[in-house]
Amino acid sequence: MVAPVASRRRGERALDDELTGLLSSGERAAFHGRPAAGIPPLERARELARGGDREAEATAADWLLGVCLTAAGRYGSALQVLRPLAEHAPQEPERRVFAALAAATMASVYRQMGRHAEGREHDSRALDLAEHAAEAQFDAHLGLAADAVGLGDIATAGTELGQAVRLAEGRREWWRQRVRLDWVRAEVDLLGDDADAARGHAESAIALAEHSGAPRHVAKGLLFLGVAQVQSGQNEDAADTLRRSASLAESLGALPLVWPARAVLSALLAGSGPEESQRCLAVARQAVRRIAEDLDPTDREAWLARPDVAAVLTEVADGG
C-alpha cells in the first residue's frame, strides 16, 4: 500500500504546483500585463481545480478570470463566470471572500456599461458577503462610492469613499487599492468641478501604478488625468495625455479604456485636427462594437443605446 499512497501524494503535489503556477500567471496578466493573456491559464486552472476537488483554488480562478475578461472588455463572458460565484456564495470564509470580490467585479461591469444603479445592487451584495474581510469590504465601499458618482450623488460618494480610505489606512502593500482610491477621488473631484484636485489624484494614481508595474492602471490614471486637463482648459496637455492613455490601452487590449480615451481625444481634436479626430472616432467605434459582440442581446441593446456610446457611433457615421 505504501507505493500507491506515495504515488497519490506525488500526484497531489504536482497538481498543487501546477495550479499555483496557473493562478500566478493569471494574476500577473490581470494586474501587470495583457488581461487576455490570463484567460487560457485561468480556464485551465478552473478545470484542474474542480477535477481535483480544490474548491478554494477554483473559486480564486473564477474571480481572476472574471477580472481578466472584464479588463479585456468581454463583459458578457465575465458576468457568466462571476454570477454563479456571487449569487450562490459558499460558507467557507476563504471562498466567501472571493464571492464578495466577484460581486464587486460584477458591479464594475455594470458601471462600465453605464448602469450604475445595478452596480450599486451588486456592491451592496459584495458588502454583505465581505463580513470581516478588509480587502473585500474595501472593494465594496469603493464600488459604492463609484456607483454614487455615476448617479450624481456626491454626498454618498464622499461617505463611501471615506469608509474605503479608513480600511486602506496603514496598508502600504495595498498598491491596487490605493491606485483605485485615487481614481475615485478624481471622479468625485470632477463631479464637484474641482479639476485641480482631480489632476493631483490622477497623477498620484499614475505614479503608484508605474511604480507597481501595472500598465493597465497607468492607462486608466492617464484617462482621468486627460479628462481633468480638458475640464481645466489645458487642451494641448490633455491631447498628449489621452494619446498616451489610448496607445497604452490598445497595446494591452484593454477595450474599456480604449474607447473613452479615443472618443474624448476625438472630440478635443475635432476643430484643430479633423483627420486625427476621425481616426480616433473610428477606433472608438470599433472598440464599442467589439464589446457589444460579447454581450447577450438584451445587454447589447442597452450598451449600444448608452448615450455616450450611441454618440460615438452616430458621429462616426455622420463623419464618414
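1. Let me start with a term: on a 1 Å grid over the protein atoms alone, a pocket is an open set of points where a 1.4 Å probe fits, with protein on both sides within 12 Å along at least five of seven lines, and its lining residues have an atom within 4 Å of a point. Grid points are joined across faces, edges and corners, and the volume is the space filled by probe spheres set on the points. Keep in mind that this is a predicted model, where local features need pLDDT of at least 70 and side-chain atom pairs count only at pLDDT 80 or more, while totals for chains, interfaces and linings use all residues. Residues are numbered from 1 along each chain as its sequence is written, and side-chain values use heavy atoms, with hydrogens and water left out.

2. With that in hand, look at the second largest pocket, which holds about 240 Å³ of space. Its lining is made up of Glu27, Phe31, His32, Trp63, Leu64, Phe98, Leu101, Glu135, Trp175, Arg176 and Gln177. Helix H1 (2–32), H3, H5 and H9 are the elements that give two or more residues to this lining; helices here are DSSP runs (H or I, at least four residues), numbered from the N terminus. Sorted by class, the lining has six nonpolar, two polar and three charged residues. For that sorting, Ala, Val, Leu, Ile, Met, Phe, Trp, Tyr, Cys and Pro count as nonpolar, Asp, Glu, Lys and Arg as charged, and the others, Gly among them, as polar.

3. The largest pocket has about 1,300 Å³ of space. It is lined by 42 residues, and Arg111, Gln112, Glu187, Lys220 and Phe224 are the closest to its centre. Several helices give two or more residues to the lining, among them helix H3 (55–71), helix H6 (116–130), helix H11 (215–231) and helix H16 (307–319). In class terms, you'll find 24 nonpolar, eight polar and 10 charged residues there.

4. Now for the packing. A nonpolar core is a set of buried Ala, Val, Leu, Ile, Met, Phe, Trp, Tyr and Cys residues joined through side-chain atoms within 4.5 Å; buried means under 20% relative accessible area, exposed over 50%, and partly exposed in between (1.4 Å probe, protein chains only). The largest core has 90 residues, and the members touching the most others are Phe31, Trp63, Tyr75, Met113, Val179, Trp259 and Trp303. Helix H5 (residues 93–112) supplies the largest share of this core, 10 residues. A second, separate core has 16 residues, including Phe138, Leu142, Ala146 and Ala164.

5. Trp303 is worth a click. Setting aside neighbours within four places in sequence, Trp303 is in contact (heavy atoms within 4.5 Å) with Tyr75, Gln112, Met113, Trp259, Val288, Ile291, Ala292, Leu295 and Val309.

6. Gln177 sits in helix H9 and counts as buried because its relative accessibility is 4%. Beyond neighbours within four places in sequence, Gln177 is in contact with Glu135 and Phe138. Glu160, in helix H8 (residues 154–168), is buried too, since its relative accessibility is 15%. Glu160 and Phe138 are 22 residues apart in sequence, and their C-alpha atoms are 9.5 Å apart.

7. Gly143 belongs to helix H7 and is buried, at 1% relative accessibility. Its contacts, leaving aside neighbours within four places in sequence, are Arg111 and Asp123. From Gly143 to Gln229 there are 86 residues in sequence and 24 Å in space, C-alpha to C-alpha.

8. Most residues other than glycine have a negative phi. Glu131, in the loop between H6 and H7, has a positive phi near 50°, and it is partly exposed, with a relative accessible area of 45%. Asp193, in the loop between H9 and helix H10 (195–211), has a positive phi near 60°. Asp193 counts as exposed because its relative accessible area is 64%.

9. Finally, the cysteines. The structure has zero disulfides, a disulfide being a pair of cysteine sulfur atoms within 2.5 Å. Cys68 is buried, with a relative accessible area of 0%, and Cys280 is buried at 3%.
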